[in-house]
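Here's a quick tour for anyone opening this structure for the first time.

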Amino acid sequence: MKERYGIVDIGSNTIRLVVFTPREGGGFRLLDELRTRARLGEGLGQDGNITPAAMDRAFEVLRHIADYTRGARLDGLEVIGTSALRDAGNASEFLERVEELGLTVRVLPGEVEAKLGVLAVANGFRYRDAWVLDLGGGSAQISRMEGRRMVDGAAYPLGAVRLSEAFLHSDPPTADEIEALEAMIAHELGDVAKAMRERPDPLVMMGGTSRNLARAVQKADAYPLDLLHGFFMSSERLGSLTDQLLTSTTRERAGIRGIHPDRADIIVAGAVVLRWLLAASGQKGFVLSGYGVREGAYFRHVLEPPHLIHDVAAASIIGAMSLHVGDRAHAAHVRRLARLLFDGLRPIHELDDRDADILDAAAALHGVGLSVHYYRQQKHGMHLLTAGPLDGHDHREQALIALLVRYQHKEAPKLSPLKEVMGRGDKRRLLMLSGCLRLADALDRSRAGRVRDLHIKAGKKTIHLGVEVDDPTAVELWDASTHAEYIERVFQRRLKIEAVTPNT
């Protein structure tokens, strides 16, 4: 398997090189990235050709990328081109120049580009069915995913660069310009909006425009997680941000936190496309994918057909463990004990199987902070578990997992660090799950797997916890008893712990 695989994505607005390496479980790690705005699609709508200036800019960027790839000694490299190179009448001239650099560009047909985007969503989320929209500089790819596979899709001439050049000539744009732009969008996407109303599955967005819009909202709202992948942008919040952008000049937009200056002149067009589609389709908002065509291309190379990770959520936990968990046997034993406790205490907590999955993830990752240092390991763990996405988990679930790791020992759990991400009932949920995790970790205090089984009786006044262990003086029983006060307060029952043997 190629350990360092590079993908160069030549888009209408930016050119980007990413370097991936496989991660245990079927995912990947991003090792490096080079990104530069080249605006290859600039002026393309005027005569159908890439302008000499745009061609020179893009060639210069690719010259540096080619030099990087030689020095980095990648195990594999793929160079892909999208909308601008599909549409340009003089694309062959540009491709011949790029060949001089030792780079062979594969220009993706629209359908292939859409399939790669769907593949990225299928391997980045738990969704089986969804609408996938990749809004780029030259075009918008809209696809229908069913059963984690693309069943339909098409490209539309609605890229942010293309629309900005065609419709938005004033700064800020005039009402007439916006009206003409929306008429164009309605003409192109009317049938799509109708289909989305009939099949109201989640809308997953990808592309630089949607990332910038989401980041701007997060910054303005002081969103507590510094994560874009999996972020939900409500239609109301998109609408208010779009209104702000429409009344701002390019210079003012460049000063908005979260808006990259090199997108300040084209982001209005992209925002209007999204605002119109959400309103016309009745969608309450969209979920942002941090993965796109580049990640889809990588999955196609490293995974056997149909290139799908079997269980996205489980794979993300395995991947995180491979990076940060040294004692896998201890983690596995704590997971087993936590599940026994969760199941045995169901009559009291009345939580569901999705909550059991959250507890399982926290049990698997409860020791990640040790990869930084023993002291303050809980805080280190929370930081690590909010520093990057846990695929297959939404932001609320990821926040709960991080908080369970943060408060796995003695402190009283608090939602406050991540309160804005939480939902109704999550304070009680955190308390109940943390009780299970604390006991499970204590019951493997020696990390020797000495507790063979648990016998739990959840009564109206008492929780009887029989611990199947050879030595009735084992440290595990003592450590579990130190959490009795917390367990009794959370579950509102007296905790009675006793050692039992297999023959009892």
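Before we start, "contact" here means heavy atoms within 4.5 Å of each other. Also keep in mind that this is a predicted model.

**Where two helices meet**

- Helix α8 covers residues 208-221 and helix α9 covers residues 235-246; they pack with their axes 11 Å apart, at an angle of about 95 degrees.
- Angles of 65 to 115 degrees count as roughly perpendicular, so that's the label for α8 and α9.
- On the α8 side, the residues in contact are Leu 213, Ala 216, Val 217, Ala 220 and Asp 221.
- Across from them, α9 brings Arg 237, Leu 238, Leu 241 and Leu 245.
- What sort of residues make up this α8 and α9 contact? There are 7 nonpolar ones and 2 charged ones, with no polar ones.

**Salt bridges: the overall tally**

- Searching the whole structure turns up 36 salt bridges.

**Arg 300 and Glu 78**

- These two side chains form a salt bridge, at 2.8 Å from N to O.
- Arg 300 sits in helix α12 (residues 293-302) and Glu 78 in strand β4 (residues 76-81), so this pair links distant parts of the chain, 222 residues apart.
- Is Glu 78 buried or exposed? Glu 78 counts as buried, because its relative accessibility is 9% and the cut-off for buried is under 20%.
- Arg 300, at a relative accessible area of 21%, is partly exposed.

**Asp 426 and Arg 396**

- Here the closest N and O atoms of the salt bridge are 2.8 Å apart.
- Asp 426 belongs to helix α19 (residues 426-442) and Arg 396 to helix α18 (residues 395-406), another link between distant parts of the chain, 30 residues apart.
- Asp 426 is buried, with a relative accessible area of 0%, while Arg 396 is partly exposed at 23%.

**Arg 452 and Asp 470**

- In this salt bridge, the closest N and O atoms lie 2.6 Å apart.
- Arg 452 is in the loop between α19 and β12 (453-458), and Asp 470 is in the loop between β13 (462-468) and α20 (475-481), so the pair ties together parts 18 residues apart in sequence.
- Arg 452 is partly exposed, with a relative accessible area of 41%, whereas Asp 470 is exposed at 53%.

Definitions and conventions:
Residues numbered from 1 in each chain as written. Predicted model: local features only at pLDDT ≥ 70, side-chain atom pairs only at ≥ 80, totals over all residues. Heavy atoms only, no water. Axes fitted to C-alpha atoms, helices over the stretch in contact; angles between N-to-C directions. Helix = DSSP H or I, 4+ residues; strand = E, 2+ residues; numbered from the N terminus. Parallel < 35°, antiparallel > 145°, perpendicular 65-115°, else oblique. Nonpolar A, V, L, I, M, F, W, Y, C, P; charged D, E, K, R; others polar. Salt bridge = Lys/Arg side-chain N within 4 Å of Asp/Glu carboxyl O. Buried < 20%, exposed > 50% of the residue type's maximum accessible area, 1.4 Å probe, protein only.
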